[in-house]
Amino acid sequence: MKAKLYITRGIKLLAFALAVISSTYLLQTFLLKRIDNNTMRMEAFYLEEKESIDAVLIGASDVYAGYSAPYAYEKYGYTSYPYATQSSPASIVLPQLKEVIKYQNPKMIIVEINAFLYKDNELPSEASQRMFADNVPHDQIWRDYLADAIPADKQIEYYLPIVKYHSSWNEYPWKFKYLTAELGLKQAGYSLFRGYKTVANEFHPTVKVYNSELKDDDSTYPLGVNGERYLRQTLEYLKENNITNVVFMRFPHIVRTEAYSRFRRCNEAGNIINSYGYDFVNLERYGEEEGFVVDEDFYNWDHLNIYGTEKLTDYIADMLQNKYHMTSAELTDAQKTEWNDSVNYYHMIYNYSQEMISRRKELGKTGNGGTTVSEDEKSISTIINYAKKHPDKGKYDVVLKDE
């Protein structure tokens, strides 16, 4: 009888433990989690079929706001993806590279170097680290990253994110716009926007900017200790493993007095990159020469708007295909259909954003601000509804599907 009693108790305890584990998993995977456009972008990368992405761009918000993969696919025929998170720190660049090579092994990888340019007293926050760490597979690359960059007493919060986000109930109902979109993302099996996010604005600076003076400015300033450490670590890894299909870039920004030291650190980073035998393209220094206009192509100091996005995407596409001779993957009919769907969504994003920019300019609103368009349920509904009301208004044709 006692043996039977112990067995019954054991089964009950096991059932209770399984219930706790299952509940914890469900809560931290679906409800009590950090979720925003960064989550969507990272999750969607891992939904892409193996060997189907020709080029991957690594970096921060200036990557996903300044480059459009659907536009590149429609105009140039190659597939690409911005593997990027907001304010990404230098410590995640090498793990990002390893993840990209492991899951896609693209023909070309572009690394935007913003992460290496922070001063030591302005390092990105824990939230910036988690935008990467919370949204990638818990593989050996991830574990190595934690060991290198996260204090030992904080690592439990990465293995069990519910410890960090257990009180995130108060973020509802705001988070539903992302949860709904995330369900649609997983059901479709790909990102509708292919990671793109923009703000509908045309920013006109009201203080002195230095962009027209940067072409001949090769002055340098030392990188921060962490920035240089991780830049050299990344370059040494690439060299040791004979990984040659990587080009480093600095995307266009508006350079004001406060950002001039960052520009000089960028020059120093370029010298370090070149010393390892890798190409560095500095569009911050040569942006005006390549046609980027301060009062037309940005939505704030550091991010391109839809007009600048197309210029930058054109530049990158020409570089990849003509300088580096990148070829395009053979896609299945199903994959082509999915990419054409993303092209259609890009058309809607562009037309809606163009209209919002025009309205803001009529009102004299050319400072910081504007309407954000990201892959959340509200933005998706907004651009679709705009297309329905104005099917012939905008630069691009839009295909509206029957509901």
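## Overall fold

In the protein chain, 83% of the contacts with a separation of 6 or more are between residues 24 or more positions apart. The model described here is predicted. Its protein chain contains 15 helices and 7 strands. The chain has 403 residues, and 53% of them count as buried.

## Nonpolar cores

The largest nonpolar core is made up of 84 residues. Within this core, the residues with the most contacts are Tyr-78, Tyr-83, Ile-113, Phe-248, Ile-316 and Leu-320. Helix α13, residues 306-323, supplies the largest share of the core, with 5 residues. Another core lies apart from this one and has 22 residues, including Tyr-71, Leu-192, Met-348 and Tyr-350.

Neighbours within four places in sequence are left aside here. Tyr-83 is then in contact with Met-42, Phe-45 and Tyr-46, with Val-56, Leu-57, Ile-58 and Gly-59, with Gln-96, Glu-99 and Val-100, and with Phe-132 and Val-136.

Strand β5 covers residues 246-250. Because 5 of its 5 residues are buried, β5 is largely enclosed by the rest of the structure. Both faces of the strand are covered. Val-246, Phe-248 and Arg-250 are buried on one side, while Val-247 and Met-249 are buried on the other. Phe-248 is also among the residues with the most contacts inside the largest nonpolar core.

β5 pairs with strand β3, residues 108-112, in the parallel sense over 4 bridges. In this pairing, Val-247 of β5 stands opposite Ile-110. β5 is also joined to strand β6, residues 280-282, by 3 bridges, and these two strands run parallel. Here Phe-248 has Phe-280 of β6 as its bridge partner.

## Helices α5 and α11

Two packed helices are described by the angle between their axes and the distance between the axes. For helix α5 (residues 93-103) and helix α11 (residues 225-240), the axes come within 9 Å and cross at roughly 30°. Angles under 35 degrees count as roughly parallel, and α5 and α11 are therefore roughly parallel to each other. On the α5 side, the contact is made by Val-93, Leu-94, Leu-97 and Lys-98. On the α11 side, it is made by Gln-233, Thr-234, Tyr-237 and Leu-238. By class, this contact of α5 with α11 has 5 nonpolar, 2 polar and 1 charged residues.

Leu-231 also lies in helix α11. This residue is buried, with a relative accessible area of 0%. Not counting residues up to four places away in sequence, Leu-231 touches Phe-116, Leu-223, Ala-269, Ile-272 and Ile-273. The C-alpha atoms of Leu-231 and Val-93 are separated by 8.4 Å, although the two residues are 138 residues apart along the chain.

## Helices α14 and α15

Helix α14 (residues 333-362) packs against helix α15 (residues 377-389) at an angle of about 80°, with the axes 9 Å apart. That angle makes α14 roughly perpendicular to α15.

The residues that meet are Tyr-345, Met-348, Ile-349, Asn-351, Tyr-352 and Glu-355 in α14 and Ile-380, Thr-382, Ile-383, Ile-384, Tyr-386 and Ala-387 in α15. By class, the contact of α14 with α15 has 9 nonpolar, 2 polar and 1 charged residues. Met-348 also belongs to the core of 22 residues.

Technical notes. Residues numbered from 1 in each chain as written. Predicted model: local features only at pLDDT ≥ 70, side-chain atom pairs only at ≥ 80, totals over all residues. Heavy atoms only, no water. Axes fitted to C-alpha atoms, helices over the stretch in contact; angles between N-to-C directions. Parallel < 35°, antiparallel > 145°, perpendicular 65-115°, else oblique. Contact = heavy atoms within 4.5 Å. Nonpolar A, V, L, I, M, F, W, Y, C, P; charged D, E, K, R; others polar. Core = buried A, V, L, I, M, F, W, Y, C linked by side-chain atoms within 4.5 Å. Buried < 20%, exposed > 50% of the residue type's maximum accessible area, 1.4 Å probe, protein only. Pairing = 2+ DSSP bridges.
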